[in-house]
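Let's take a friendly walk through a model with two protein chains. Keep the picture open beside you as you read.

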Amino acid sequence: MLRLEARPEPSRAMVLLTPIIAVVATMIAGGILFAILGNNPFTAIRIIFWDPLFNDMVASYTRPQLLVKATPLILMAIGLSFGFRANVWNIGAEGQFIMGAVVGGGTALALYPLESALVFPLIIIMGGLGGFLWAMIPAILKIRFNANEILVSLMLVYVAAQFLAAMVTGPMKSPVGMGFPVSRNFNEYQSAFNAELLSNTGLHFGVLVMMGVVIVGYIFLTRHIFGFQIRVSGQSARASKFAGVNPHTTVALCLGISGALAGLAGLFEVTGPAGKLSTNFPLGYGFTAIIVAFLGRLHPVGILLAGLLMALTYIGGELAQFQMSIPAAAIQVFQGMLLFFLLGVDILVNFRLRWASTKEAR
Amino acid sequence: MNLIKTLLAGAAVATGLAGAAFAEEKLKVGFIYIGPPGDMGWTYEHDQGRKAIVEALGDKVETTYVENVPESADSERVMTQMALSGHKLIFATSFNYMDHVMNVAKKFPDVKFEHATGFKRADNVSTYSARFYEGRAVIGHIAGHMTKTNTIGYIASYPIPEVIRGINSAYLAAKAVNPEVKFKVVWAYTWFDPGKEADAANALIEQGADVIMQHTDSTAPMSEMKKHEGIIGFGQASDMGQFAPNPRVSSIIDNWAPYYVERTQAMLDGTWESTDTWHGIKEGMVEIGEMTEAIPAEVRASAQELADKLASGEVHAFTGPINKQDGSAWLAEGETADDGTLAGMSFYVEGIEAEIPN
């Protein structure tokens, strides 16, 4: 019988190397998959990982697009990482992302056509607030009734999606949208539009906020008492009590921060790249952010890199689709392999496989 | 062994391939699809059109596509990547790509865009669509004859003119042969979601519908109909012939192939111009799929006659007298609808007992 035995002290070097090993393993397994599908695996891997960054024809466009695509993922993943470190499992970032977009975007639609420099700051605050309040529902239920935050936050994703659908088929439907359940386009509303800061780069205000959050997140985690508190809460609830950590405060803070950041991500996305609220607005970023958080080792700098890597697989995946006719499903399998190998390698870093007789195992 | 060979061969050429692929002088034609070509409906027919280009123009062209492109910033990015990598003609095959097509077209004046079912054009953006409502009239005619419960179910996608026009056209044709007929409409708010479409089909069957029409792209409603005795439906966008002779008794087929070949040929000839195309049964963009034995012979004959008359222009699917749902007059006796009104149709005709979601 094979069994897993905890390593007394996982190698620090291996912990840091895990994502790289996982990426290499994904390339190999993905390459085999592409070969079975009749594609040249080396070209496919080159198109996915190399061309978006360095191809003469497309890279000048795709490089900034990596940041645009990665921004909501990184914003949400950093928020989630605090909770995951403290054993507070917010699985519903997708719902908080939607609510941020609906509350912030809805505020903008309500103010239309008022042009004022205050509109954009206001909707940013409303977006963050929308996500924050949505995350407070599982937080309060957890604190008050000890309800499982995984289930509550996940279920609220579907509630948020239905709320969005009700809004865009009703009060937020565009008067000029030909009956489509789509809001007014935010690029028609100068004061609320999350425009490109430099033309043809795609870089918007949310990208700057994301970079700020990476830095602040890093300081919080490594230099601030809050970072210490969430780490100790995750390692041992009992020890954290002795250290003076109030577990209720930890739950509220972790869910609140991740909710607010998800709300901000939703607001920046809807007023910028997406451009409008519609039932097609949620694309699963909130779930992908969970992968990004773990791929980045729950560390802000790691998450920054992981988010960019994830964006690379999306954008490179599109290139591979139309240059090599690789089906979209194969690209998704490829992305799924990334998490699979990460978790697999993770287990081997923390545990070792032992042959053991059945008797001994008992 | 084959795998190893592929891997080795791949390693050998991978390094040198980058430049070579772009060096050829082929016209690159790109497609973005809302669903997968395997939907056997809407996207399938667009992909058939793409294949027809390859067949007709061979090595003068190279076609590429990306499937499952959301109607979001992602579509803008995919089209931009296509334009940057040398595509000169790009087909965007869903309505809500519209603003994104316009944005990309502005940045690439040398690249031509073809946007299906849209209404925004530019010097390098053409729009095209088919008069699906002519096909709706033919299957409405069949449905009116075939229903025993006098209840026809309709799985609708979004309450846009395109869909509302189809419901009206089918209703008028059904009512003309069966004054007792009633329509039940379920809004799925999706073009392609097999789960939701199947639910909608079941809901309609439970409400007594024995004929079901769909304006969504998957074959899921067909699979549901197949589970029930005596329920029939029609292939949508594609023939869906795998469900013949029952529950699929006929179909409306979107045949994009001639248009796609013609437009690509125009690019090769240097004669491409921005146009707005709206073709019907006459031009072959709308086809009626084979009517199966499940339909009585005389109904097959009368349906075919209607299709022929729609093609020749002898009959128009919207011929007065027709009132709007609220009872107000729309078309006088013998008057036919003009294209402008049809293109923006946002009302039901008299007799439909449903409301357009608002």
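## Where the two chains meet

The contact between the chains takes 32 residues from chain A and 35 residues from chain B; two residues are in contact if their C-beta atoms, placed from the backbone, lie within 7 Å. On the side of chain A that touches chain B, the elements giving two or more residues are α1 (12–36), α2 (41–49), α4 (59–85), α7 (149–169) and α13 (300–324) of chain A. Of these, α13(A) gives the most, with five residues. Helices (H or I, at least four residues) and strands (E, at least two) are DSSP runs, numbered from the N terminus. By class, this side of chain A divides into 18 nonpolar, twelve polar and two charged residues. Here Ala, Val, Leu, Ile, Met, Phe, Trp, Tyr, Cys and Pro count as nonpolar, Asp, Glu, Lys and Arg as charged, and the others, Gly among them, as polar.

Before going on, a word on how to read the model. It is predicted: local features need pLDDT of at least 70, side-chain atom pairs count only at pLDDT 80 or more, and totals for chains, interfaces and linings use all residues. Residues are numbered from 1 along each chain as its sequence is written, while chains are lettered from A and ligands numbered from 1 in the order in which they are written.

## How confident is the prediction?

The model scores ipTM 0.82 and pTM 0.84. For single residues there is pLDDT, the predictor's confidence in each residue, from 0 to 100. Chain B has a mean pLDDT of 90, and 93% of its residues reach 70 or more. Where in chain B is confidence lowest? That is helix α1 (residues 2–23) of chain B, at a mean of 46, whereas strand β4 (residues 112–116) of chain B is highest, at 97. Over residues 10–23 of chain B, pLDDT stays under 50, and the model has twelve contacts beyond four places in sequence for them.

## The two chains in outline

Chain A has 15 helices and two strands, and chain B has eleven helices and 14 strands.

| Chain | Box filled by the C-alpha atoms |
|---|---|
| Chain A | roughly 75 × 55 × 35 Å |
| Chain B | roughly 70 × 50 × 35 Å |

In chain A, 51% of the residues count as buried, and in chain B buried residues make up 51%. A residue is buried if 20 or more other C-beta atoms lie within 10 Å of its own, exposed if 12 or fewer, and partly exposed in between; C-beta atoms are placed from the backbone. Among contacts with a separation of 6 or more, residues 24 or more positions apart account for 79% in chain A and 65% in chain B.

## Two domains in chain B

The domain assignment of chain B gives domain 1 (24–131 + 256–279) and domain 2 (132–253 + 288–343); such bounds come from an automatic or database domain assignment. Taken over C-alpha atoms, the centres of the two domains of chain B are separated by 28 Å. Their contact takes 13 residues from domain 1 of chain B and 15 residues from domain 2 of chain B. Helix α2 (residues 42–57) of chain B gives the most to the domain 1 side, with four residues.

## A few spots to look up

Strand β1 (residues 2–6) of chain A and β2(A) pair in the antiparallel sense over five bridges; two strands pair if DSSP finds at least two bridges between them. A:Arg3 stands opposite A:Arg354 in β2(A). Why does strand β2 (residues 351–355) of chain A lie largely in the open? Of its five residues, the number buried is zero.

In chain B, the peptide bond from B:Ala244 to B:Pro245 is cis, with omega near -5 degrees. B:Pro245 has its place in the loop between β9 (232–237) and β10 (248–254) of chain B. Another cis peptide bond joins B:Gly320 and B:Pro321, with omega about 5 degrees.
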